[in-house]
Amino acid sequence: MKFGTWMSVVAFLAGIWVMTSPFIVGFAPRHGNPWTGPVLGAELLGCLVALAALAGLVGFWGLHLKELAANPPREEI
């Protein structure tokens, strides 16, 4: 459970990095149209990775919390 959560968080951060890396590293043009082919491709790919990681994280925790609500832990005496 912890490993899957951390991997989803890492994948989300990796998607954000892919989206911002052309601007940080300097591959995006400084003048003119910034949406060249490679920059637009990186933006779309990073957005898809980040959204997939976020959807997986929300779906996993939604199902896990639903299961916990249906089966609360019993108190032991």
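**View 1. Ser8 and the residues it touches.** Leaving aside residues up to four places away in sequence, Ser8 touches Ala53 and Leu57; a contact here means heavy atoms within 4.5 Å. Ser8 itself is found in helix α1. Helices are DSSP runs of H or I with at least four residues, strands are runs of E with at least two, and both are numbered from the N terminus. Is Ser8 buried or exposed? Ser8 counts as buried because its relative accessibility is 17%; buried means under 20% relative accessible area, exposed means over 50%, and partly exposed lies in between, with a 1.4 Å probe and protein chains only. Keep in mind that this is a predicted model, where local features need pLDDT of at least 70 and side-chain atom pairs count only at pLDDT 80 or more, while totals for chains, interfaces and linings use all residues. Residues are numbered from 1 along each chain as its sequence is written, and side-chain values use heavy atoms, with hydrogens and water left out.

**View 2. Thr5, also in helix α1.** Thr5 has its place in α1. Which residues does Thr5 touch, not counting those up to four places away in sequence? They are Leu57, Phe60 and Trp61. With 16% relative accessibility, Thr5 counts as buried. Leu57 turns up here and in the Ser8 view.

**View 3. Helix α2 from end to end.** Helix α2 runs over residues 37-70, which makes 34 residues. From its first C-alpha to its last, α2 reaches 49 Å, close to the 50 Å expected at 1.5 Å a residue; that expected span is 1.5 Å times one less than the number of residues.

**View 4. The buried residues of α2.** Look for Val39, Ala42, Glu43, Gly46, Ala50 and Ala53, the buried residues of this helix. What covers them includes α1 (2-25). An α-helix has 3.6 residues a turn, so residues three or four places apart point the same way.

**View 5. Stepping back to the chain.** The chain has two helices and zero strands. Its radius of gyration is 19 Å, well over the 11 Å that the globule rule gives for 77 residues, so the chain is more spread out than a compact globule; the radius is taken over C-alpha atoms, and the rule is 2.2 Å times the number of residues to the power 0.38. Along the principal axes, the C-alpha atoms fill a box of roughly 70 × 15 × 15 Å. Of the 77 residues, 17% count as buried.
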